[in-house]
Amino acid sequence: MAREKYKTLTEQMFYILLCLQRECCGIDIMDRVTEMTGGRVVIGPGTLYTLLGDFVKQGFIRETAVEGRKRSYVITDAGERLLQEEYARLKQLVSDYDNICGRK
């Protein structure tokens, strides 16, 4: 099942989907990820376009416009569910850490 490959997301996957809450093209995604993470996460073009192709194939995002080589994308309902599942998983990790380390 395709979903198993995406059971947990890499940081790059997470931030790509997060960026696509609104339509944007590849270069915009790279810039936004760098900006929103303060440079902590940088996505190179090879990684980005491989992931975008995989996400389109799996139905997590859809292409919205093509102008020459520039392609724009937006998240789909399936992609939104995937992002929400990852967010819930990450929150659970933080909660487990807080419970173990005595932080509430």
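## Terms and model

Helices (H or I, at least four residues) and strands (E, at least two) are DSSP runs, numbered from the N terminus. The structure is a predicted model, in which local features need pLDDT of at least 70 and side-chain atom pairs count only at pLDDT 80 or more, while totals for chains, interfaces and linings use all residues. Residues are numbered from 1 along each chain as its sequence is written, and side-chain values use heavy atoms, with hydrogens and water left out.

The chain has an average pLDDT (the predictor's confidence in each residue, from 0 to 100) of 92, and 94% of the residues score at least 70. Among the elements of the chain, the lowest mean pLDDT, 58, belongs to helix H1 (residues 2-5), and the highest, 97, to H2.

## The largest nonpolar core

A nonpolar core is a set of buried Ala, Val, Leu, Ile, Met, Phe, Trp, Tyr and Cys residues joined through side-chain atoms within 4.5 Å, where buried means under 20% relative accessible area (1.4 Å probe, protein chains only). In the largest one, which has 25 residues, those touching the most other members are Ile-16, Leu-17, Leu-20, Ile-29, Leu-52 and Phe-55. Two or more residues come from each of helix H2 (11-19), helix H3 (26-36), helix H4 (45-58), strand S3 (70-75) and helix H5 (77-100), and H2 gives the most, with six residues.

## Two threonines in loops

Thr-37 lies in the loop between H3 and H4, and it counts as buried because its relative accessible area is 11%.

Thr-76 is placed in the loop between S3 and H5, and its relative accessibility of 18% is why it counts as buried. Leaving aside neighbours within four places in sequence, Thr-76 is in contact (heavy atoms within 4.5 Å) with Gly-59, Phe-60, Ile-61 and Arg-62.

Terms used
Buried means under 20% relative accessible area, exposed over 50%, partly exposed in between (1.4 Å probe, protein chains only).
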